[in-house]
Amino acid sequence: MFRRRVPLTPMARLRGMIWPRNGLRRAVRCHVKRIMRVPGSPHAIAAGVAVGIFAAFTPFLGLHVLIAGLVALLAGGNIIVAAMASLVGNPLTFPFFWFAGFELGKIFIGHAADGAFEAFLAKPSFALLLPIIEPLTLGSVVLGLAAATLFYLPVRWTVTKAQSQRRERISARRLPILAVEAAE
(Lines give C-alpha, C1' and ligand atoms only; values in the text may rest on other atoms or scores of the structure.)
Protein backbone atom coordinates (compact mmCIF):
# COMPACT_ATOMS: atom_id res chain seq x y z
CA MET A 1 0.00 0.00 0.00
CA PHE A 2 2.78 2.45 0.88
CA ARG A 3 5.35 1.20 -1.62
CA ARG A 4 6.89 3.27 -4.37
CA ARG A 5 5.52 2.83 -7.87
CA VAL A 6 9.03 2.55 -9.21
CA PRO A 7 11.35 0.93 -6.66
CA LEU A 8 14.64 2.70 -5.97
CA THR A 9 17.77 1.20 -7.38
CA PRO A 10 20.44 0.18 -4.86
CA MET A 11 22.59 3.12 -5.99
CA ALA A 12 19.71 5.60 -5.48
CA ARG A 13 19.06 4.11 -2.03
CA LEU A 14 22.74 4.51 -1.10
CA ARG A 15 22.77 8.09 -2.40
CA GLY A 16 19.70 8.84 -0.25
CA MET A 17 21.52 7.58 2.85
CA ILE A 18 24.52 9.83 2.20
CA TRP A 19 22.69 12.92 0.94
CA PRO A 20 18.93 13.27 1.67
CA ARG A 21 16.73 13.81 -1.39
CA ASN A 22 15.15 16.96 0.04
CA GLY A 23 18.48 18.38 1.16
CA LEU A 24 20.70 18.23 4.20
CA ARG A 25 19.34 21.47 5.66
CA ARG A 26 15.80 20.07 5.78
CA ALA A 27 16.98 16.81 7.32
CA VAL A 28 18.85 18.70 10.06
CA ARG A 29 15.84 20.96 10.68
CA CYS A 30 13.55 17.94 11.07
CA HIS A 31 16.04 16.32 13.45
CA VAL A 32 16.16 19.49 15.57
CA LYS A 33 12.35 19.72 15.66
CA ARG A 34 12.15 16.11 16.82
CA ILE A 35 14.48 16.90 19.68
CA MET A 36 12.50 20.04 20.62
CA ARG A 37 9.26 18.05 20.79
CA VAL A 38 10.58 15.47 23.24
CA PRO A 39 8.76 15.84 26.55
CA GLY A 40 11.01 16.74 29.44
CA SER A 41 12.60 19.59 31.28
CA PRO A 42 14.87 21.99 29.40
CA HIS A 43 17.81 20.74 31.49
CA ALA A 44 17.16 17.10 30.60
CA ILE A 45 16.93 17.84 26.88
CA ALA A 46 19.96 20.15 26.84
CA ALA A 47 22.00 17.70 28.91
CA GLY A 48 20.98 14.92 26.52
CA VAL A 49 22.16 16.94 23.52
CA ALA A 50 25.42 17.88 25.24
CA VAL A 51 26.13 14.31 26.29
CA GLY A 52 25.30 12.97 22.82
CA ILE A 53 27.68 15.43 21.20
CA PHE A 54 30.36 14.53 23.73
CA ALA A 55 29.93 10.84 22.93
CA ALA A 56 30.16 11.53 19.19
CA PHE A 57 33.67 12.91 19.67
CA THR A 58 34.98 9.75 21.36
CA PRO A 59 36.98 7.41 19.12
CA PHE A 60 35.16 4.26 20.25
CA LEU A 61 33.25 3.17 17.14
CA GLY A 62 30.01 1.35 17.85
CA LEU A 63 29.82 2.52 21.45
CA HIS A 64 28.67 6.11 20.94
CA VAL A 65 24.99 5.46 21.70
CA LEU A 66 25.89 3.33 24.74
CA ILE A 67 28.32 5.97 26.06
CA ALA A 68 25.73 8.71 25.45
CA GLY A 69 23.02 6.74 27.27
CA LEU A 70 25.16 5.94 30.30
CA VAL A 71 26.53 9.46 30.69
CA ALA A 72 23.02 10.93 30.17
CA LEU A 73 21.74 8.68 32.92
CA LEU A 74 24.46 9.99 35.26
CA ALA A 75 24.00 13.64 34.21
CA GLY A 76 20.21 13.65 34.47
CA GLY A 77 19.80 14.06 30.72
CA ASN A 78 17.25 12.53 28.42
CA ILE A 79 18.61 9.21 27.13
CA ILE A 80 16.62 9.28 23.87
CA VAL A 81 17.85 12.79 23.06
CA ALA A 82 21.41 11.76 23.90
CA ALA A 83 21.17 8.85 21.48
CA MET A 84 19.78 11.13 18.77
CA ALA A 85 22.49 13.74 19.33
CA SER A 86 25.22 11.12 19.18
CA LEU A 87 24.38 10.79 15.48
CA VAL A 88 26.44 13.95 14.95
CA GLY A 89 29.28 11.46 14.77
CA ASN A 90 29.03 9.74 11.40
CA PRO A 91 31.43 8.57 8.70
CA LEU A 92 31.56 12.10 7.29
CA THR A 93 32.55 13.77 10.56
CA PHE A 94 34.70 11.10 12.23
CA PRO A 95 37.88 11.89 10.27
CA PHE A 96 37.70 15.55 11.32
CA PHE A 97 36.97 14.68 14.96
CA TRP A 98 39.77 12.12 15.11
CA PHE A 99 42.36 14.29 13.38
CA ALA A 100 41.61 17.22 15.68
CA GLY A 101 41.54 14.94 18.73
CA PHE A 102 44.85 13.30 17.83
CA GLU A 103 46.57 16.64 17.23
CA LEU A 104 45.20 18.09 20.50
CA GLY A 105 46.23 14.93 22.37
CA LYS A 106 49.75 15.22 20.97
CA ILE A 107 49.91 18.74 22.43
CA PHE A 108 48.91 17.43 25.87
CA ILE A 109 51.10 14.32 25.85
CA GLY A 110 54.07 15.96 24.22
CA HIS A 111 56.41 14.59 21.61
CA ALA A 112 55.92 10.98 22.72
CA ALA A 113 53.21 10.60 20.07
CA ASP A 114 55.30 12.02 17.21
CA GLY A 115 55.70 9.45 14.44
CA ALA A 116 53.36 6.94 16.12
CA PHE A 117 50.91 6.91 13.24
CA GLU A 118 53.64 6.50 10.62
CA ALA A 119 55.23 3.65 12.63
CA PHE A 120 51.87 1.89 12.86
CA LEU A 121 51.29 2.21 9.11
CA ALA A 122 54.76 0.81 8.37
CA LYS A 123 54.37 -2.25 10.62
CA PRO A 124 50.83 -2.69 12.04
CA SER A 125 50.77 -4.27 15.48
CA PHE A 126 48.76 -3.85 18.66
CA ALA A 127 51.83 -2.61 20.58
CA LEU A 128 52.23 0.27 18.13
CA LEU A 129 48.54 1.14 18.41
CA LEU A 130 48.76 2.33 22.04
CA PRO A 131 50.78 5.49 21.24
CA ILE A 132 48.00 6.42 18.80
CA ILE A 133 45.06 5.60 21.08
CA GLU A 134 46.30 7.58 24.09
CA PRO A 135 46.55 11.02 22.45
CA LEU A 136 43.45 10.34 20.34
CA THR A 137 41.34 9.50 23.39
CA LEU A 138 42.67 12.37 25.49
CA GLY A 139 42.23 14.94 22.73
CA SER A 140 38.79 13.61 21.80
CA VAL A 141 37.55 13.80 25.39
CA VAL A 142 38.78 17.40 25.70
CA LEU A 143 37.15 18.37 22.38
CA GLY A 144 33.96 16.54 23.34
CA LEU A 145 33.75 18.36 26.67
CA ALA A 146 34.31 21.69 24.93
CA ALA A 147 31.62 20.97 22.33
CA ALA A 148 29.18 19.76 25.00
CA THR A 149 29.77 22.93 27.02
CA LEU A 150 29.20 25.11 23.96
CA PHE A 151 25.91 23.39 23.10
CA TYR A 152 24.31 23.07 26.55
CA LEU A 153 23.25 26.70 27.21
CA PRO A 154 21.94 27.56 23.71
CA VAL A 155 19.93 24.33 23.57
CA ARG A 156 18.51 24.90 27.06
CA TRP A 157 17.51 28.46 26.14
CA THR A 158 15.92 27.31 22.86
CA VAL A 159 13.98 24.49 24.52
CA THR A 160 12.75 26.81 27.29
CA LYS A 161 11.54 29.32 24.72
CA ALA A 162 9.91 26.66 22.50
CA GLN A 163 8.10 25.07 25.45
CA SER A 164 6.77 28.41 26.70
CA GLN A 165 5.55 29.34 23.20
CA ARG A 166 3.82 25.96 22.93
CA ARG A 167 2.11 26.47 26.30
CA GLU A 168 0.92 29.93 25.15
CA ARG A 169 -0.52 28.52 21.91
CA ILE A 170 -2.36 25.79 23.79
CA SER A 171 -3.80 28.22 26.34
CA ALA A 172 -4.83 30.64 23.53
CA ARG A 173 -6.82 27.82 21.92
CA ARG A 174 -8.53 27.00 25.21
CA LEU A 175 -9.63 30.56 26.04
CA PRO A 176 -12.48 30.73 23.50
CA ILE A 177 -13.71 27.30 24.60
CA LEU A 178 -13.67 28.33 28.26
CA ALA A 179 -15.50 31.59 27.40
CA VAL A 180 -18.27 29.66 25.63
CA GLU A 181 -18.59 27.23 28.55
CA ALA A 182 -18.76 30.12 31.06
CA ALA A 183 -21.50 31.85 29.03
CA GLU A 184 -23.71 28.76 29.14
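The model in the viewer is predicted, with local features needing pLDDT of at least 70 and side-chain atom pairs counting only at pLDDT 80 or more, while totals for chains, interfaces and linings use all residues. Residues are numbered from 1 along each chain as its sequence is written, and side-chain values use heavy atoms, with hydrogens and water left out.

Just after H4, Gly76 takes a positive phi of about 80°.

Continue to Asn78, in the loop between H4 and H5, which counts as buried because its relative accessibility is 15%. A polar atom of the Asn78 side chain lies 3.0 Å from the backbone nitrogen of Ile80. Not counting residues up to four places away in sequence, Asn78 touches Val38, Pro39, Ala44, Gly48 and Ala72, a contact being heavy atoms within 4.5 Å.

Next, display the largest nonpolar core, which has 21 residues, and in which Ile35, Val49 and Val81 have the most contacts; a nonpolar core is a set of buried Ala, Val, Leu, Ile, Met, Phe, Trp, Tyr and Cys residues joined through side-chain atoms within 4.5 Å. H3, H5, H6 and H8 each supply at least two residues of this core, and H3 gives the most to it, with 9 residues. If Val49 is then selected, its contacts, leaving aside neighbours within four places in sequence, are Ile35, Val81, Ala85 and Val155. Apart from this core lies another, of 6 residues, among them Val51, Ala55, Ala68 and Ala82.

Move on to Ser140 in helix H8, residues 126-183, which counts as buried because its relative accessibility is 0%. A polar atom of the Ser140 side chain lies 2.7 Å from the backbone oxygen of Leu136. Leaving aside neighbours within four places in sequence, Ser140 is in contact with Phe57, Thr58, Pro59, Phe97 and Gly101.

Finish at Ala119 in helix H7, residues 116-122, which counts as partly exposed because its relative accessibility is 30%.

Technical notes:
Helix = DSSP H or I, 4+ residues; strand = E, 2+ residues; numbered from the N terminus. Buried < 20%, exposed > 50% of the residue type's maximum accessible area, 1.4 Å probe, protein only. Polar contact = N/O pair within 3.5 Å; in protein donor to acceptor, adjacent residues only side chain to side chain.
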